[in-house]
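Visitor: I would like to learn how to read the features of a model like this one. Please start with charged pairs.

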Amino acid sequence: MAKNKRPRRILRGLMYLVSLLVAAALCYVGVLMLTGHFDGLSQPEAATVSPLDAGQTTNVSALASAFGAPVPCLPGYAMQGQALNTLYNGRTVRKAILQYDGFTITCVQPAFASPLLLNSRLSLSMETDLTVAGLPAALAENGAARCLYFSTDTAAYSLYAPSAGRDTFLALAAKITLSE
């Protein structure tokens, strides 16, 4: 009888060991995903971004075409813009900058490059009812400096004003539309 229990004990011990190894592997994968080591796997592959002449333009349609996605704009306001290529996590991404009098709209595409937009001098607000062009937005402030962050499935955007009253800034944000 003692001989029959021994193979069961060995099998039970092996199953316990395999279970521990599987649990450890799952924990390791979870830690990697939380630290961002799987960003390349969890995000869609960036489309190939072709070389771009980073010239200035005042035409929003031409800028959106060069950027490859709709850009936020303020119809009726004078704008100077440019689209250029930049790197994020070793990948080429497209960036558009629209300069208006007193504020800047910055766009990155694909949206996984949104950390390029963050302004570390600003603190995020906990407001949840803000939108820009119908898209949910996050507000960051520090003194008179304000920034709204918003995104679509393909691009991420920021509206930054270095010195603007809160009501004036939010009224300006309400006028923004996405170009076609």
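Guide: A salt bridge here is a side-chain nitrogen of Lys or Arg within 4 Å of a carboxyl oxygen of Asp or Glu. Side chains of opposite charge can pair when their charged atoms come close. This is a predicted model: local features need pLDDT of at least 70, side-chain atom pairs count only at pLDDT 80 or more, and totals for chains, interfaces and linings use all residues. Residues are numbered from 1 along each chain as its sequence is written, and side-chain values use heavy atoms, with hydrogens and water left out.

Visitor: How many salt bridges does the structure hold?

Guide: Two. Glu141 pairs with Arg166, with the closest N and O atoms 2.8 Å apart. Helices (H or I, at least four residues) and strands (E, at least two) are DSSP runs, numbered from the N terminus. Glu141 lies in strand β8 and Arg166 in helix α4, so this pair ties together parts that are 25 residues apart in sequence. Glu141 also forms a salt bridge with Arg146, at 3.3 Å between the closest N and O atoms.

Visitor: Which residues do the shared partners join into one network?

Guide: Glu141, Arg146 and Arg166. Now check their exposure. Buried means under 20% relative accessible area, exposed over 50%, partly exposed in between (1.4 Å probe, protein chains only). Arg146 counts as buried, at 10%. Glu141 is partly exposed, at 22%. Arg166 is partly exposed too, at 26%.

Visitor: How do I read the strands around Glu141?

Guide: Look for pairing. Two strands pair if DSSP finds at least two bridges between them. Strand β6 (residues 123–124) pairs antiparallel with β8 over two bridges. There, Ser123 has Glu141 as its bridge partner. β8 and β9 are also antiparallel, with six bridges. Leu139 stands opposite Leu148 in β9.

Visitor: Where are the hairpins?

Guide: One is formed by β7 and β8, with two residues between them. Ala133 in that turn has a positive phi of about 55°. β8 and β9 form another, again with two residues between them. Gly143 in its turn has a positive phi of about 65°.

Visitor: What does the whole chain look like in numbers?

Guide: The chain has four helices and 11 strands. Of its 180 residues, 34% count as buried. Among contacts with a separation of 6 or more, 49% join residues 24 or more positions apart.

How values were computed: Contact = heavy atoms within 4.5 Å.
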